[in-house]
Amino acid sequence: MNKTLPNQIRLELRRQHTSIAEALQDLLRLASDADPRALQLAWSAFERELFRHLEFEETSLFSLAEGAYPDEVRAMRADHDRIRDVVCELGLLCDLHAVRKRAVERLVSMLRTHGEREDATLYRWVDEQAPVETRRHLLRLFMDTARSEFKAGSAAKANAGDRPGTPVSQSRV
Ligand SMILES: [Fe+2]
Ligand SMILES: [Fe+2]
């Protein structure tokens with residue numbers, strides 16, 4: 001393992017996988033619930049988090065790993081396309097209040113298989129073989145993302161504090 005920067009990148013990417021898997025477990029619970037609004041909100045949050053992760057990998061990680069793992073990167077990109085198709089389809093079903101628990105379970109399994117494959121190849125490569133500059137670059141990107149998310153979160157809180165809250169009973173979907 002490269003000792004200069006121990007495995008923060010692999011750990012952070014794994015943390016994102018865990019967080020996405022947990023969001024899906026919440027969705028599974030809500031899929032059998034009677035509250036469609038709660039399911040839609042949970043779905044939007046899950047979709048945002050998942051797509052941010054996929055985009056990060058495509059724009060930052062895949063291009064760096066392509067030289068060492070061309071076939072794996074191609075397969076991962078194809079997986080991402082399939083995942084997006086399934087997620088968009090389920091999102092529409094969610095809007096129509098017609099999403100089935102079984103379909104969410106299939107997505108759970110699809111993401112698990114993809115994540116395990118990615119971890120065993122690309123994440124491992126980053127952890128054990130990628131040049132130090134590559135790892136530094138990825139770490140900087142994580143920090144930039146965390147900083148901008150923190151700023152966006154603070155701005156959203158400040159804006160929410162500027163106006164009176166809408167009573168739940170009067171809010172519209
Ligand atoms: Fe991925
Ligand atoms: Fe991933």
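Me: Over what distance should the 30 residues of helix α2 (residues 36-65) span, and what separates its end C-alpha atoms?
Reply: This is a predicted model. At 1.5 Å a residue, the 30 residues of α2 should span 44 Å. The distance between the end C-alpha atoms agrees with that, at 41 Å.

Me: Where is the kink in α2 centred?
Reply: The bend in α2 amounts to about 40°.

Me: Which residues of α2 are buried?
Reply: Here a residue counts as buried if 20 or more other C-beta atoms lie within 10 Å of its own. In α2 that holds for L39, A42, W43, F46, L50, L54, E57, L61 and A65.

Me: Why are α1 and α2 described as roughly antiparallel?
Reply: Helix α1 (residues 8-31) packs on α2 with the axes 10 Å apart, at an angle of about 160°. Angles over 145 degrees count as roughly antiparallel. The pair α1 and α2 is therefore roughly antiparallel.

Me: In which hand does α1 pass α2, left or right?
Reply: On the α1 side, the contact includes Q16, S19, I20 and A23. Residues of α2 in this contact include A38, L39, A42 and W43. The crossing of α1 past α2 is left-handed.

Me: How are α3 and α4 oriented to each other, parallel or antiparallel?
Reply: The axes of helix α3 (residues 70-95) and helix α4 (residues 101-128) come within 11 Å and cross at roughly 160°. The contact is made by α3 residues including E72, M76 and D79, and by α4 residues including A103, V104 and L107. With angles over 145 degrees counted as roughly antiparallel, α3 and α4 are therefore roughly antiparallel.

Me: How far does α4 reach from its first C-alpha to its last?
Reply: α4 has 28 residues, for which 40 Å is expected at 1.5 Å a residue. The computed reach is close to that, at 38 Å.

Me: On which residue is the kink in α4 centred?
Reply: Among the buried residues of α4 are G115, E118 and L122. The kink in α4 is about 45°.

Me: What percentage of the residues in the protein chain is buried?
Reply: The chain has five helices and zero strands, in the pattern α-α-α-α-α. Of its 173 residues, the buried share is 17%.

Technical notes:
Residues are numbered from 1 along each chain as its sequence is written. Chains are lettered from A and ligands numbered from 1 in the order in which they are written. This is a predicted model: local features need pLDDT of at least 70, side-chain atom pairs count only at pLDDT 80 or more; totals for chains, interfaces and linings use all residues. Helices (H or I, at least four residues) and strands (E, at least two) are DSSP runs, numbered from the N terminus. The expected span of a helix is 1.5 Å times one less than its number of residues. The bend at a residue is the angle between axes fitted to the seven residues ending there and the seven starting there. A residue is buried if 20 or more other C-beta atoms lie within 10 Å of its own, exposed if 12 or fewer, and partly exposed in between; C-beta atoms are placed from the backbone. Axes are lines fitted to C-alpha atoms, for helices over the stretch in contact, and angles run from 0 to 180 degrees between N-to-C directions. Angles under 35 degrees count as roughly parallel, over 145 as roughly antiparallel, 65 to 115 as roughly perpendicular and the rest as oblique. Two residues are in contact if their C-beta atoms, placed from the backbone, lie within 7 Å. A crossing is left-handed if the near helix is turned anticlockwise from the far one by less than a right angle, and right-handed if clockwise.
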